[in-house]
Amino acid sequence: ANMVVAGSESVGGLFGRANSSTLGGPSEDDVVYNGLIPKMSSFKNQYNGHVRGRSHIGGILGTLSGGNPTLKCFSADCTVSPSGSSSAESVGGIVGYVCGSQNSITECVFKGILNSNGGQYAGGIIGLVDYDGYNDVGTVQDCINFGEITGGQATGGIIGRMKVRSGTYVNYCVTAYRTTHGGVIGTGNVG
């Protein structure tokens, strides 16, 4: 049976908020390219269902923050959307909002449907990556979006919006579905 997780802010299918934490899914779900993009069916899901909220909503995690947090090897096949008929902000297939220093988001896969109902910052893996004032954000690597992403301003297949300082990297990420705005990153700025 599919679950429904609902709330207002920092809502996730498995976790609402993680601060300076290391969260890892099963190692057999490692994303290994070997020159080809793996098939969608090769990934098991840690969450199936529906996640609803108003801001910082993710298929696995609502908000990832703090120093050196890590999120690795998660896969979600779910629907991520606003509560009711309003729009939602910072909506991601895996995590809604990422901030802090030296974050690492690796080997995550989204296979569901994400719709922010016109809200800003919607991404297949992360809705909004935001710097912590002085610190770099870190790395987003080896992530795949197979999901359908629909949103307002700053919508991307991997990240809706990147608002970072120098030292942030997006490596070997693939989106296999058309989005309403950017292919990999909806919009970004360094500064």
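Start by selecting Cys99 and Asp130: Cys99 stands opposite Asp130, which belongs to strand β16. Keep in mind that this model is predicted.

**Stop 1: around β16**

Strands of a sheet pair through backbone hydrogen bonds, either parallel or antiparallel.

Now select residues 126–131, which make up β16. Is this strand enclosed or open? Of its 6 residues, 5 are buried, so the rest of the structure largely encloses it.

**Stop 2: Asn103**

Go back to Cys99 and show its backbone oxygen. A polar atom of the Asn103 side chain lies 3.1 Å from that oxygen. Asn103 itself is in strand β12, residues 103–106. Asn103 has 2% relative accessibility, under the 20% cut-off, so it counts as buried.

**Stop 3: the open sheet**

Now colour five strands: β2, β6, β10, β15 and β20. They form an open sheet in the order β2-β6-β10-β15-β20, with parallel pairing. Which strands are at the edges? They are β2 (9–12) and β20 (155–156), and each pairs on one side only.

Select residues 89–92 for β10 and 122–123 for β15. These two strands run parallel and are joined by 2 bridges.

**Stop 4: Gly92**

Stay in β10 and pick Gly92, which is part of that strand. Its bridge partner in β15 is Gly123. Gly92 counts as buried because its relative accessibility is 0%.

Show what surrounds Gly92. Leaving out residues up to four places away in sequence, Gly92 touches Ile57, Gly58, Gly59, Val80, Leu114, Gly123, Gly124, Ile125, Ile126 and Gly127. Check Ile57 in particular. Gly92 and Ile57 are 35 residues apart in sequence, yet their C-alpha atoms are 6.3 Å apart in space.

**Stop 5: Ser83**

For the last stop, select Ser83. It is in the loop between β9 (75–82) and β10. Is Ser83 buried or exposed? Ser83 counts as buried, because its relative accessibility is 17%.

Which residues does Ser83 contact, beyond its neighbours within four places in sequence? Display Gly7, Arg52, Gly53 and Arg54: Ser83 is in contact with each of them.

Notes. Residues numbered from 1 in each chain as written. Predicted model: local features only at pLDDT ≥ 70, side-chain atom pairs only at ≥ 80, totals over all residues. Heavy atoms only, no water. Pairing = 2+ DSSP bridges. Helix = DSSP H or I, 4+ residues; strand = E, 2+ residues; numbered from the N terminus. Buried < 20%, exposed > 50% of the residue type's maximum accessible area, 1.4 Å probe, protein only. Contact = heavy atoms within 4.5 Å. Polar contact = N/O pair within 3.5 Å; in protein donor to acceptor, adjacent residues only side chain to side chain.
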